[in-house]
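Please open the structure in your viewer and get your selection tool ready. We will go from stop to stop, with something to select at each one.

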Amino acid sequence: QVQLVESGGGVVQAGDSLRLSCTLSGSTASAYAMAWFRRVPNKGREFLAAISHSGISSFVPDFVKDRFTISKDNGRNTVTLQMNSLKPEDTAVYYCAATTSPWSSTSPLVTQGVYYGYWGQGTQVTVSS
């Protein structure tokens, strides 16, 4: 049974950096494309970044690409989201997701939650001003 566990959340100040990690168990991460989403209170789920099965290809939307970076270590079954210059509006619960579906960095599917069949429980990130 595949499980995803996020870690690294916490309370930080505006301008700080934070590194979130997600560990996949029950299978090997090289079989999965993985992604990060967040959910803000009273707002929907927001796509942040995705990375291919191999970890070679990734996609980060323009609104965070100057601050957020995704990386993957298949040897350690982990995917990481490095977040810099955090803002109070980054306060949210951050979720890791995974899929065995084919990858394409140009496909809008990778930004959609329905593309991913596996989800972690989430980790809270709070950015104070």
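This is a predicted model: local features need pLDDT of at least 70, side-chain atom pairs count only at pLDDT 80 or more; totals for chains, interfaces and linings use all residues.

**Stop one: the disulfide**

Select C22 and C96, whose sulfur atoms sit 2.1 Å apart. Now colour the chain by strand: C22 belongs to strand β3 (residues 18–25) and C96 to strand β9, so the bond links distant parts of the chain, 74 residues apart. Is the disulfide left-handed or right-handed? The torsion about the S-S bond is about -80°, so the disulfide is left-handed.

**Stop two: an aromatic cluster**

Hide the surface and select F37, F47, F59, Y115, Y116 and W119, which form one aromatic cluster. In the structure, the count of aromatic pairs comes to 7. Zoom in on one of them, F37 with Y116: the pair is edge-to-face, with 5.6 Å from centre to centre and 75° between the planes. This pair also links distant parts of the chain, with F37 in strand β4 (residues 33–39) and Y116 in the loop between β9 (92–99) and β10 (118–119), 79 residues apart. Both F37 and Y116 are buried.

Why does Y115 count as buried? Its relative accessibility is 9%, and the cut-off for buried is under 20%. Y116 has 4% relative accessibility, so Y116 counts as buried too.

The charged end of R45 sits over the ring of F37, 5.7 Å from the ring centre.

**Stop three: W119**

Now centre the view on W119, which lies in strand β10. Is W119 buried, exposed or partly exposed? With a relative accessible area of 27%, W119 is partly exposed. Show what surrounds W119: leaving aside residues up to four places away in sequence, W119 touches L4, F37, R45, Y95, C96, A97 and G113.

A polar atom of the W119 side chain lies 3.2 Å from the backbone oxygen of Y116. Then select D73, 46 residues from W119 along the chain: the C-alpha atoms of W119 and D73 are separated by 18 Å.

Conventions:
Residues are numbered from 1 along each chain as its sequence is written. Side-chain values use heavy atoms; hydrogens and water are left out. Rings of Phe, Tyr and Trp (its six-membered ring) pair if their centres lie within 6.5 Å; planes under 30 degrees apart count as stacked, over 60 as edge-to-face and the rest as tilted. Helices (H or I, at least four residues) and strands (E, at least two) are DSSP runs, numbered from the N terminus. Buried means under 20% relative accessible area, exposed over 50%, partly exposed in between (1.4 Å probe, protein chains only). A charge sits over a ring if NZ of Lys or CZ of Arg is within 6 Å of the ring centre and within 35 degrees of the ring normal. Contact means heavy atoms within 4.5 Å. A polar contact is a pair of N or O atoms within 3.5 Å; within protein, one must be able to donate a hydrogen and the other to accept it, and residues adjacent in sequence count only if both atoms are side-chain atoms. A disulfide is a pair of cysteine sulfur atoms within 2.5 Å.
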